[in-house]
Amino acid sequence: MVFLRGPSRNKWPIELAKISGEIRFARGWKEFLSDHCVGYGWLLVFRYDGQSQFLETVFFQSSCKDPYESLG
């Protein structure tokens with residue numbers, strides 16, 4: 001279990017799963033994407049913040065940072 005923090009600064013619990021020899025986000029991941037309105041082609045960058053927490057930065061397809069990120 002890890003926690004993701006998006007622009008709203010809320011914590012999202014996400015389970016990790018090993019699939020085909022790779023570690024992937026599992027339960028909770030689809031809800032995280034849906035609640036953050038992440039679209040196809042967007043780039044999400046995660047920075048490990050310790051204690052199983054990751055901070056997320058969102059980039060649109062144009063490589064521009066999400067203007068709403070700083071409002072959280």
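## The sheet

The model contains an open sheet of 4 strands in the order β2-β1-β6-β5, with mixed pairing; here strands are DSSP runs (E, at least two residues) numbered from the N terminus, and two of them pair if DSSP finds at least two bridges between them. At the edges stand β2 (11–14) and β5 (43–48), each of which pairs on one side only.

Strand β1 (residues 2–5) runs antiparallel to β2 and is joined to β2 by 4 bridges, and within this pairing Phe3 stands opposite Pro13 in β2.

## How the model is read

This is a predicted model, in which local features need pLDDT of at least 70 and side-chain atom pairs count only at pLDDT 80 or more, while totals for chains, interfaces and linings use all residues. Residues are numbered from 1 along each chain as its sequence is written, and side-chain values use heavy atoms, with hydrogens and water left out.

## Salt bridges

A search of the whole structure finds 2 salt bridges, each being a side-chain nitrogen of Lys or Arg within 4 Å of a carboxyl oxygen of Asp or Glu. In one of them, Arg27 pairs with Glu15, and their closest N and O atoms are 3.7 Å apart. Arg27 lies in the loop between β4 (22–25) and α1 (29–35), and Glu15 in the loop between β2 and β3 (16–19), so this pair ties together parts that are 12 residues apart in sequence.

Arg27 is exposed, at 62% relative accessible area, whereas Glu15 is partly exposed at 30%; buried means under 20%, exposed over 50%, and partly exposed in between (1.4 Å probe, protein chains only).
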